[in-house]
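Visitor: I'm new to this one. Can you walk me through it?
Guide: Gladly. Here it is.

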Amino acid sequence: MSSTNSIRHNLPRTLFDKIWDDHVVYQQSDRAKKQPTLLYIDRHLVHEVTSPQAFEGLRIKNRSVRRPNLTFATMDHNVPTSNRSLPLVDNTSAMQMQALKQNCNDFGITLYDMDSPNQGIVHVIGPELGLTLPGSTIVCGDSHTSTHGAFGALAFGIGTSEVEHVLATQCLWVNKPENFEIRIDGIFKNSHSLTAKDIILYIIRSIGTSGGNGAVIEYRGEVLSRFSMAERLTICNMSIECGARAGLIAPDSTTFEYIRDRLFAPKGKDLDNLINIWQDRLRSDNSAKFERTISIDVSNLAPQITWGTNPSMVIDITDSIPYPDEYSHGNDGLKKAALRALNYMDLTPGVPITNIDVDRVFIGSCTNSRLQDLIEASNVVKGRTVAPNVRAMVVPGSQLVKTQAERIGLDEVFKDAGFEWRDSGCSMCLGMNPDILSSGERCASTSNRNFEGRQGTGGRTHLMSPVMAAAAAVKGKFTDVREML
Amino acid sequence: MTPFKSISSKLIPIDVINIDTDQIIPKQFLKLVQKTGYDKFLFYDWRFDKDGNPKREFVLNNPSYRDRTILLVRENFGSGSSREHAVWALRDFGIRAIVAPSFADIFYNNCFKNGVLPIIINHDHIEYLFNHAETVKINIDLTAQSIEFDSNIIHFEISESNKKMLMEGIDEIGMTFNFESYISDYEKTKSTYSLGVV
């Protein structure tokens, strides 16, 4: 095993190869047979929805958690975002949250529960608490674990059986995924109206919901080096929406500065030493091979918005609702999907999307609920009011984001304009708590999935950036935010 | 887990591409803490109207398809959320195998942990099966990795470990415990990036 590794180390490797190689616990000698590799997991993040059956499995077999100090839990999917001091309206939600509390207590796992100042969406608090570190492996029973790849960590979502496996062994059997490269080229007009969300929606639009094909996608290009961590997190977050297992961005000084002084991050000299190692190693070698390279030019990008029922059904805000033939380019399956989506979304081809009224606006989710997202949205809202036909809400990604936002007065800006200002959680991204759309309601949402019924049975979701959602709230219809900034 | 060797059944066809796990089991049914009893929630919003009455036109409500155990679907089946509840719902409903041109990868992995066999075959065969879905009978032999219908016998790919997991119904965690010396060795010597360890 060690000899094959040392040979491989002389070959040019991608960032993904390096993190992978660093975490190999056991590798079958015959690689040709495509046997899975036993991979060590540095961080296991846990939430209330996908973990109860895993803990129950441990109990049945009388097993323990191997490394409780590498395991961190929070409640995010079910938590109410208002009136938290009151008993939960939903009994089954309360039971699931109680189960997590009991499980963390029984197995010795740190939990940030509903009343903790560190509570929040698991993919927001991981980076915030310094749990997400470059070069590490991170898993969570949640597909948006790809978010953490923004730090140059190999991070991916797993099912509940695998959650149980990691709890018991701190390892996972994984077939090495393919490694794609997406080059984000062109001069990105990084103004206040074009955002990282527009880039990732455009990527998904370009390669489709299965274009990522279970791969690890490394995003590269000049645009990224100017991006903040919040923007990089948005890009990696939606990697799963093009079918990728993980997104990855090489860490740089922006990454290292973010990590400094975070609660669980190494401190002082220890951190400096690590940064030296990270700087040295955590990048793809010049001649390293990717299985596939995709180039995306973002020079002429307009604000992006979804019209249909999957995150690849995207148009420019200046476009009209597409005709099924135009969308499907002769592909019968895509045509049927377009017809079904138009029917579900109650849309007519040829109508400019800016003619369409919205009922609800949701600014939040693990994609777009960080402080920068809220600041940018507030700049659109400031001095304006929410249209009378719209009910709008802001759900900060964590209680820490909420506190920071309140410190600079964002809560007042939003409330003055007529937004609801909530506590943190997944909220209306998937509507497991009381924040849901009624059937037929149309929502401008900063979340990541516009699937049928995602935000509530019969609800109609349009995905966009925080500034675009803020613009829709003010105008009462989908609006090109460039006209407002 | 029921060991999987071979099955024979007619097909349950659902002719929609990119079916995501939110459709297979909507979020309101993810609040339970047990691992079984999800069959009644399978494809809930496609299967029942807003008053909870079965929608007649949906294939899962067709009594003549009720005893069928093989699902036939289109590309990228199981995309979106990682919820293993999607596989539990299919398994509890009685689905033993799913035939598709492609699967989303977290869903694909989740299948093997629950005794469900996902089979990938090419578009032409998928097209043929959709055209004959009412009557065609399928024989799946996992040992031989073959799927047989009418006069076709098609070989399908599956990794050795996934095949073994299905055929023997093994406890994967118990198997990993056999690698304890490798895991503790890793923890002692190779923890450069295992930052909770240093």
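Visitor: How much area do chain B and chain A bury between them?
Guide: About 5400 Å², with 55% of it on carbon and sulfur atoms. Buried area is the accessible area (1.4 Å probe) that two parts lose on being put together, summed over both. This is a predicted model, where local features need pLDDT of at least 70 and side-chain atom pairs count only at pLDDT 80 or more, while totals for chains, interfaces and linings use all residues. Residues are numbered from 1 along each chain as its sequence is written, chains are lettered from A and ligands numbered from 1 in the order in which they are written, and side-chain values use heavy atoms, leaving out hydrogens and water.

Visitor: How many residues are in contact?
Guide: 56 residues of chain B are in contact with 74 residues of chain A. Contact means heavy atoms within 4.5 Å.

Visitor: And how many salt bridges cross the interface?
Guide: The rule finds 10 between chain B and chain A. It asks for a side-chain nitrogen of Lys or Arg within 4 Å of a carboxyl oxygen of Asp or Glu. Lys336(A) and Asp15(B) form a salt bridge, with their closest N and O atoms 3.0 Å apart.

Visitor: Which helix of chain B gives the most to the side that touches chain A?
Guide: Several helices supply at least two residues each, including H3 (85–93), H6 (160–168) and H8 (180–189) of chain B. H8(B) gives the most, with 6 residues. Helices here are DSSP runs (H or I, at least four residues), strands are runs of E (at least two), and both are numbered from the N terminus.

Visitor: Switching to chain A. What is its secondary structure?
Guide: Chain A has 17 helices and 19 strands. Its radius of gyration is 22 Å, close to the 23 Å that the globule rule gives for 485 residues, so chain A is as compact as a globular protein of that length. The radius is taken over C-alpha atoms, and the rule is 2.2 Å times the number of residues to the power 0.38.

Visitor: Is Thr147(A) buried or exposed?
Guide: Thr147(A) is buried, at 0% relative accessibility. Buried means under 20% relative accessible area, exposed over 50%, partly exposed in between (1.4 Å probe, protein chains only).

Visitor: Where does Thr147(A) lie?
Guide: In the loop between strand S6 (137–140) and strand S7 (154–157) of chain A. A polar atom of the Thr147(A) side chain lies 2.4 Å from the backbone oxygen of His144(A).

How values were computed. Polar contact = N/O pair within 3.5 Å; in protein donor to acceptor, adjacent residues only side chain to side chain.
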